[in-house]
Amino acid sequence: MMAKILRQLDGQELVDFIEEYFDFYNRVFNIENYLDEYAEAILSMQHYLDTRKLDLKQFSTYQTDLIKLGFLNQFTPGQLDRYIQTGLNDDEMERRYQSI
């Protein structure tokens, strides 16, 4: 369900939704210590995708999770470029992700 919602959003709508989502989780699970890290990862991901004219809708749910992990793990743009490519199947993207 969450992936379906995220695929329909882009740009500022996506950022606003994710901020609201993390605010909810912070109240429920007290993850405030991680919010700055998540916010930075979200902004980096948005900038990366925008500059490469990519959209999360181009990727499967599993691939989208791998993309998010790359930003949370603070991969460099070169590392991200090695595995964030349209046209890869889930297994190939995971192999490339794991090789970093």
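**Notes on a pocket and its aromatic neighbours**

1. By class, the lining of the second largest pocket consists of seven nonpolar, three polar and three charged residues. Here Ala, Val, Leu, Ile, Met, Phe, Trp, Tyr, Cys and Pro count as nonpolar, Asp, Glu, Lys and Arg as charged, and the others, Gly among them, as polar. A pocket is an open set of points on a 1 Å grid over the protein atoms alone, where a 1.4 Å probe fits, with protein on both sides within 12 Å along at least five of seven lines; lining residues have an atom within 4 Å of a point.

2. A word on the basis: this is a predicted model, in which local features need pLDDT of at least 70 and side-chain atom pairs count only at pLDDT 80 or more, while totals for chains, interfaces and linings use all residues. Residues are numbered from 1 along each chain as its sequence is written, and side-chain values use heavy atoms, with hydrogens and water left out.

3. Back to the second largest pocket, which holds about 190 Å³ of space (the volume filled by probe spheres set on the grid points, joined across faces, edges and corners). Of its 13 lining residues, Ser 44, Phe 71, Phe 75, Pro 77 and Leu 80 are the closest to its centre. Helix α3 gives the largest share of the lining, six residues, and α3, α4 and α5 each supply at least two. Helices are DSSP runs (H or I, at least four residues), numbered from the N terminus.

4. How many aromatic pairs does a search of the whole structure find? There are four, where rings of Phe, Tyr and Trp (its six-membered ring) pair if their centres lie within 6.5 Å; planes under 30 degrees apart count as stacked, over 60 as edge-to-face and the rest as tilted. Tyr 48 and Phe 71 are edge-to-face, because their ring centres are 5.5 Å apart and their planes are at 70°. This pair links Tyr 48 in helix α3 with Phe 71 in helix α4, 23 residues apart. Tyr 48 is buried at 4% relative accessibility, and Phe 71 is buried at 7% (buried means under 20% relative accessible area, exposed over 50%, partly exposed in between; 1.4 Å probe, protein chains only).

5. Tyr 83 and Tyr 97 also form an edge-to-face pair, 5.3 Å centre to centre with 75° between the planes.
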